[in-house]
Amino acid sequence: MAVKIKLKRLGMIRNPQYRIVVADSRTKRDGRAIEEIGLYHPKENPSFIKVDSERAQYWLGVGAQPTDPVLKIFKLTGDWQKFKGEPAPAPLLVAEAKPDRHAIYEAAAKEALSGDTGTGNATTARKAKKTVKADDTPAAPAEPAAEEKPEGEV
């Protein structure tokens with residue numbers, strides 16, 4: 001039985017998310033897998049890649065063949081170089097941690113309770129209010145023009 005390390009597609013339309021799986025080469029792309037060894041989310045910035053290096057090394061050692069996309073992922077993470085005994089590449093870029101929404105809310109609530117209502121930044125932007133000046137009032141419509149009758153009518 002030939003074993004391949006390939007990508008299994010999940011996610012929605014135009015938002016692919018992949019799992020790196022070990023499967024029989026005869027199975028469908030999203031078919032039954034022997035083992036899942038990683039994740040790949042290409043739409044995030046930077047792309048999210050997580051590989052269980054120990055399991056990847058085991059499967060490469062017993063003869064599993066990676067597909068071309070998986071081979072590129074393994075080269076980015078350094079698993080392929082580790083398997084071949086070559087020097088490791090530069091580390092992957094990692095996305096910045098998102099701010100803790102609960103902490104932001106707590107700070108805004110504490111500020112509101114302390115009475116400093118206008119000094120801090122709002123957690124969300126407000127819409128601008130429309131103001132009408134006295135000088136900008138629209139003029140009264142002019143008197144209606146005399147109705148014109150089409151030619152030929154009395």
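**Exercise 1. Work out whether the end-to-end distance of helix H4 agrees with its number of residues.**

Solution. Helix H4 covers residues 101–114, which makes 14 residues. The expected span is 1.5 Å times one less than the number of residues, so H4 should span 20 Å. Its end C-alpha atoms are 20 Å apart, which agrees. After H4 comes Gly115, with a positive phi near 100 degrees. Helices (H or I, at least four residues) and strands (E, at least two) are DSSP runs, numbered from the N terminus.

The model is predicted: local features need pLDDT of at least 70 and side-chain atom pairs count only at pLDDT 80 or more, while totals for chains, interfaces and linings use all residues. Residues are numbered from 1 along each chain as its sequence is written, and side-chain values use heavy atoms, with hydrogens and water left out.

**Exercise 2. Give the strand order of the open sheet and state which strands are at its edges.**

Solution. The order is E4-E3-E2-E1-E5, an open sheet of 5 strands with mixed pairing. The edge strands are E4 (48–51) and E5 (65–66), each of which pairs on one side only. Two strands pair if DSSP finds at least two bridges between them. E1 (residues 3–12) and E5 run parallel and are joined by 2 bridges; Ile5 stands opposite Pro66 in E5. Helix H1 (residues 53–61) packs on the sheet and touches E1, E2 (15–24), E3 (35–41), E4 and E5, where contact means heavy atoms within 4.5 Å. The direction of H1 makes about 120 degrees with that of E3. Axes are lines fitted to C-alpha atoms, for helices over the stretch in contact, and angles run from 0 to 180 degrees between N-to-C directions.
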